[in-house]
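Here's a quick walk through one model, starting with a pair of helices and then zooming out. Have a look at the structure first.

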Amino acid sequence: MATPVKSGEKVDAVIAGASASGSVFAATLAKAGKKVVLLETGPDWQLSAATSRAGA
Amino acid sequence: MAALGSYQSGWGVGGAALHYFANFPRLLPSDFKMKSEHNRGLDWPISYQDVARYYDKVAQDVGVSGDAKAEEIWRPAGKPYPMPPMKTFRNGELWVKACAEHGIRLAPACVGMNSTEYKGRPACIYDGWCHIGCPTGALSNPIVTYLGEARRAGAEVRARSTVTRVLMNKEGTKAIGVEYYDADRQRHTQPASVVVLAAWSAQNPRLLLNSATAKHPKGLANASGLVGKYMMCHFASGTWALFDEDVQNHLGTTGAQFMSYDRYPKTSHKGAFGSTFIVAGSALKTSDLGGFANARLDLFGPDLHAFMKRAARGLTRLNAFGEELPNVENRVELATEKDEFGMPLGRIVHGYDEDAAAVWNANFEEGLKIAKATGAKEVWSGRGAMPTIHLMGGTIMGTRASSSVVNSYGQTHEIANLWIAGPGIFPTAGASQHRLAKPRAHESIALCRRPGASGRRASAGVSLEGGEAGGRLRARRRHGRRHARGGAAPIADVGAAGNYREQARREHQHRCGRSGEGVGRRLYAALDRRDHVRGESVCLHAAAVRPGEGLRAGDGPWHRQPGAGGESGAAV
Amino acid sequence: MVGRREFMRGAALGALAFTIGGAQVLLTPREARARGVPFRLLQAREAETLEAMGETLVPGARDAGIAHFIDQQISVPPEEALLEARILNVRPPYADFYKAATGAIDKAAAAQSDQRFAWLPADAQREFVNLMRQNKLPGWQGPPSGFVYFVLRSDAVDVVYGTVEGYEALGIPYQAHIMPLKRW
């Protein structure tokens, strides 16, 4: 797992919207070794993530 | 009118594709050359041939089932789909002969669903609950495809993080990151070398406009004044057929079993201009927007109950999606009212023109003829107010900075490290990709061949490791056992896709007690949110539509729903 | 990210469940009605109007707990509500819509016959709804009556037909296949 981005740390790409199109950019760039942050206004429905990152 | 594009806006990580139908039809070459071929609308700066191989690639990436050869009567040849077509059921099959009698050939719908196991994700069980979040992973939503892959490659996803502004350097030459607010309404900034806006066709312009600076007084990337302009959508003409026989309408997929491009040529209908894309056979529910009850909006009381009983056995639908032409007056702009972060709401100004209304009406007329040919006991048009489905445009692509916002890669003409992703960059809407951003997003990927960040071809080598993901998620799954009722096989393996729906179900359960209560429609609601453009919606060209069925301005604090108060039928 | 703590806190508080005698209980709307769970936001007469209207729209909606369902749903944060009103772009808070709707129904009923809707005879109720759905009710003041018809009818359909029992009554297997084996 990549290390979490620190507060205020500059990344290669920030993507507004963890959407269908945002995901594609994210996958492509992350796989190219770029540091990517997706910002999503809605909740993360993945319970797995919720349970493994309590209180995040 | 209801907010433009009111059907498909998603809510949460995964976006609208959390509850999409996963239909993956393509545009046709004519969509890219409308201006040069017909002197109408706009041309794309690229051709079908430029994106064809990405269509093929995306089909492999996400897993599309279909029959490419069968489609090639309408489009240039490409690669076969990785999986054979999905199973069909009586509610779809009975349209085949009737359509043929009217010169409409039906091919298997190409869908982003597994007809066989694919990349570690299971085959579909055809229970027809696609639209509220496929729980098995058989449907290729972003969570089980690109987003999962992005996460595994180290991309960080921050939910409950609302971007409000793109931040620029002092000189106004470069984006330096974004401003956003977290769940506690704390303000943050995220510095970045490249900023990509993939927030929805209406939301991206809103962000660009809200990011105005002294150097960019009209908003970012808006020297042309075209940010927010050329908003487009699709409209559907649904035709219902009611049989006495059991057409198995609870089985299949929510989207479609069959499709046709035989009315896709722009001048297919006399006196109308624009493409039509036809689909047949959708699994139906009792109570959601396109369910039994809304097939006859005029019925209530004992009449409704009698209809529900008949519909549960014998109701099926043919749907024709129409193309709206780009019109610069159809736009999203900033309203005076603000959201909880102080960001102005979006205001949508939209209306259909005569061509759209004519295509819509022609499709109803043809739909009825076809429906009669099925031998159904009763047939009728699902005519309400003219619906607005699948929002596109607002940041269109083109070759010149004076007449478009981004280039063919989604890069803004004005700011080299600011990109737009999604169907907002399409200069024409076509009629076929009526499953929101997904196919388009992939095309947009396709269009991101040289992302500023990497200098690499962005489309290369996307593959899934569903097996690994599935295993990890299986290990983590600990809540709520699932079981099948009524004959479907129990789900042995619940992949990543199930989790958001599971959580939505659980939340629902907390609210409403037991989970079985209206779970379908309400889960759809849980996954849906559009109130960031809850500002006023204004209608243009209302005269183009017949009285009583046009888009109506929100005359008061209540948005209106297309179809409300109509004589019958939900237009879905 | 919906954190697990946040998630479990919601469940533990049962903020979304019904309240009986100060205790949070998870109930279906039908059970809530049967047990006489007090309303949170609806006034008694509003609930009465909703039940009468619901029953006129979809037989069985009263007992299925349409008023309890709506009352419970309008009392949760709008972004958590699972109402069709949300899909239909009704502007939150949704309570405003339902209160305006019931008010409009009763005013229009009173203008016609000096009675509240709930007290009209069944045939008069049906005639009222028939005009309401066509935006033809004289004296209607509030959200467009055809829209109110559509929303309330959707709610009534939901509580009557959108349930396991509702599917069974129509002879359709309920295949959401995410049914928990036991209740929380």
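## A crossed helix pair

H3(C) and H7(C) sit roughly perpendicular to each other, a label used for angles of 65 to 115 degrees. Helix H3 covers residues 44-57 of chain C and helix H7 covers residues 122-133 of chain C; they pack at about 80 degrees, with their axes 10 Å apart. Axes here are lines fitted to C-alpha atoms over the stretch in contact, and angles run from 0 to 180 degrees between N-to-C directions.

From H3(C), the contact uses Ala52(C), Thr56(C) and Leu57(C), while H7(C) brings Gln125(C), Arg126(C) and Val129(C). A contact means C-beta atoms, placed from the backbone, within 7 Å. By class, that's three nonpolar, two polar and one charged residue.

## Where this comes from

This is a predicted model: local features need pLDDT of at least 70 and side-chain atom pairs need 80 or more, while totals for chains, interfaces and linings use all residues. Residues count from 1 along each chain as its sequence is written, with chains lettered from A and ligands numbered from 1 in written order.

## Chain C overall

Chain C has nine helices and two strands (DSSP runs of H or I, at least four residues, and of E, at least two). From the N terminus, the order is α-β-β-α-α-α-α-α-α-α-α.

Of its 184 residues, 53% count as buried, meaning 20 or more other C-beta atoms within 10 Å of a residue's own.

## Confidence in chain A

Chain A has a mean pLDDT of 78, with 75% of its residues at 70 or more; pLDDT is the predictor's per-residue confidence, from 0 to 100. Over residues 47-56 of chain A, pLDDT stays under 50.

Methods
Angles under 35 degrees count as roughly parallel, over 145 as roughly antiparallel, 65 to 115 as roughly perpendicular and the rest as oblique. Two residues are in contact if their C-beta atoms, placed from the backbone, lie within 7 Å. Ala, Val, Leu, Ile, Met, Phe, Trp, Tyr, Cys and Pro count as nonpolar, Asp, Glu, Lys and Arg as charged, and the others, Gly among them, as polar. A residue is buried if 20 or more other C-beta atoms lie within 10 Å of its own, exposed if 12 or fewer, and partly exposed in between; C-beta atoms are placed from the backbone.
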